[in-house]
Amino acid sequence: MSATRRAAVLGSPIAHSLSPVLHRAAYAELGLEDWAYDRFEVDEAALPGFFETLGPEWAGLSLTMPLKRAVIPLLDEISSTAEAVEAVNTVVLTADGRRVGDNTDIPGMVAALRERGVRQVERASVLGAGATASSALAALSRICTGEVTAYVRSEARAEEMRGWGERLGITVRTAAWEDAAAAFEAPLTIATTPAGTTDALAAAVPDRPGTLFDVLYEPWPTALATAWADRGGAVVGGLDLLVHQAVLQVEQMTGRSPAPLAAMRKAGEVALAAR
């Protein structure tokens with residue numbers, strides 16, 4: 001049977017994306033046999049042209065880097081969540097032809113933490129200052145009642161993070177990356193850095209750590225996550241984030257709720273184990 005409804009993930013590079021695995025698992029569990037989910041290598045220059053090819057069979061798009069900001073001028077509307085961090089990772093194509101952007105990374109982070117029992121913290125730390133760090137601050141603005149300390153490598157990055165804090169209504173203090181081991185004194189630490197960046201910090205994990213949210217999912221576990229778990233701390237991983245944000249995408253694109261979280265996570269675990 002040919003698909004009557006389509007969705008896809010776009011980005012560059014895109015071959016590594018787990019989104020097709022997660023969304024297809026959801027379609028199978030929901031009995032959506034006439035839905036298809038694909039991946040397309042699309043960079044910023046090609047994005048407007050790709051949008052022009054979309055017909056009425058298209059329900060939605062997932063976006064990864066470098067498209068999360070580039071897509072905004074192509075949309076008819078974006079949610080307040082996406083506007084807060086100037087990043088869209090979800091586009092819903094409505095029946096009347098509108099393109100509506102949202103950011104499910106932020107509520108996905110909150111949901112992943114809630115699943116592990118973290119509903120509110122009095123302070124938190126963020127390692128890194130890239131695009132994911134701004135989403136982390138947006139998530140913390142919903143659950144952190146006090147100060148967030150961001151550990152960064154340059155004053156320019158520090159200024160950016162303080163600016164995001166002002167915009168999001170959360171107090172952000174910045175500190176040098178060389179002092180990053182102090183991050184672990186907070187009840188919640190969110191690591192947003194590329195693979196390998198936090199490996200040297202594994203030896204600094206305290207005897208009674210709080211919760212670590214490491215946004216990486218490959219390679220997994222990271223050295224930091226392993227050390228954290230070995231010392232009895234709670235660990236939330238990148239696959240948790242990926243699944244929770246995909247759950248919200250499936251619900252928005254298909255109109256079916258709740259999306260099958262357990263089936264999607266299992267599919268992601270199987271796919272990662274096979275790599």
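Two strands pair if DSSP finds at least two bridges between them. Helices (H or I, at least four residues) and strands (E, at least two) are DSSP runs, numbered from the N terminus.

## Basis of the model

This is a predicted model, in which local features need pLDDT of at least 70 and side-chain atom pairs count only at pLDDT 80 or more, while totals for chains, interfaces and linings use all residues. Residues are numbered from 1 along each chain as its sequence is written, and side-chain values use heavy atoms, with hydrogens and water left out.

Strands of a sheet pair through backbone hydrogen bonds, either parallel or antiparallel. Here six strands form an open sheet with mixed pairing, in the order S2-S1-S3-S5-S6-S4. Strand S2 (35–41) and strand S4 (77–78) stand at the edges with a single partner strand each, so one side of each has no neighbour in the sheet. Helix H1 (residues 19–30) packs on this sheet. H1 touches strand S1 (5–11), S2 and S3; contact means heavy atoms within 4.5 Å. The direction of H1 makes about 175° with that of S2. Such axes are lines fitted to C-alpha atoms, for helices over the stretch in contact, and angles run from 0 to 180 degrees between N-to-C directions.

Strand S3 (residues 58–63) pairs with strand S5 (residues 90–93) in the antiparallel sense, over three bridges. Leu61 stands opposite Val91 in S5. S5 and S6 also run antiparallel, joined by four bridges. Thr90 faces Asp102 in S6. These two strands form a hairpin with five residues between them. Gly97, in the turn, has a positive phi of about 90°. S4 and strand S6 (residues 99–102) run parallel, joined by two bridges. Ile78 has Gly101 in S6 as its bridge partner.

## Backbone details

Two cis peptide bonds can be located. One joins Trp220 and Pro221, with omega about 0°. Pro221 lies in the loop between strand S11 (211–214) and H8. Another joins Ser257 and Pro258, again with omega about 0°. Pro258 is in the loop between H9 and H10.

Glu86 is not a glycine, yet has a positive phi of about 50°. Glu86 sits in the loop between helix H4 (80–85) and S5.

## A pocket

Rolling a probe the size of a water molecule over the atoms shows where empty space is left. On a 1 Å grid over the protein atoms alone, a pocket is an open set of points where a 1.4 Å probe fits, with protein on both sides within 12 Å along at least five of seven lines; lining residues have an atom within 4 Å of a point. The second largest pocket has a volume of about 270 Å³. Of its 17 lining residues, Trp220, Gly237, Gly238, Leu239 and Asp240 are the closest to its centre. Helix H8 (223–230), strand S12 (234–236), helix H9 (238–254) and helix H10 (261–273) each give two or more residues to the lining.

The structure holds 14 salt bridges; each is a side-chain nitrogen of Lys or Arg within 4 Å of a carboxyl oxygen of Asp or Glu. One of them joins the side chains of Glu115 and Arg265 (2.8 Å, N to O). This pair links distant parts of the chain: Glu115 is in helix H5 (residues 105–115) and Arg265 in helix H10, 150 residues apart.

Leu272 is also in helix H10. Leaving aside residues up to four places away in sequence, Leu272 touches Leu18, Tyr217, Glu218 and Leu239.

How values were computed: Grid points are joined across faces, edges and corners, and a volume is the space filled by probe spheres set on the points.
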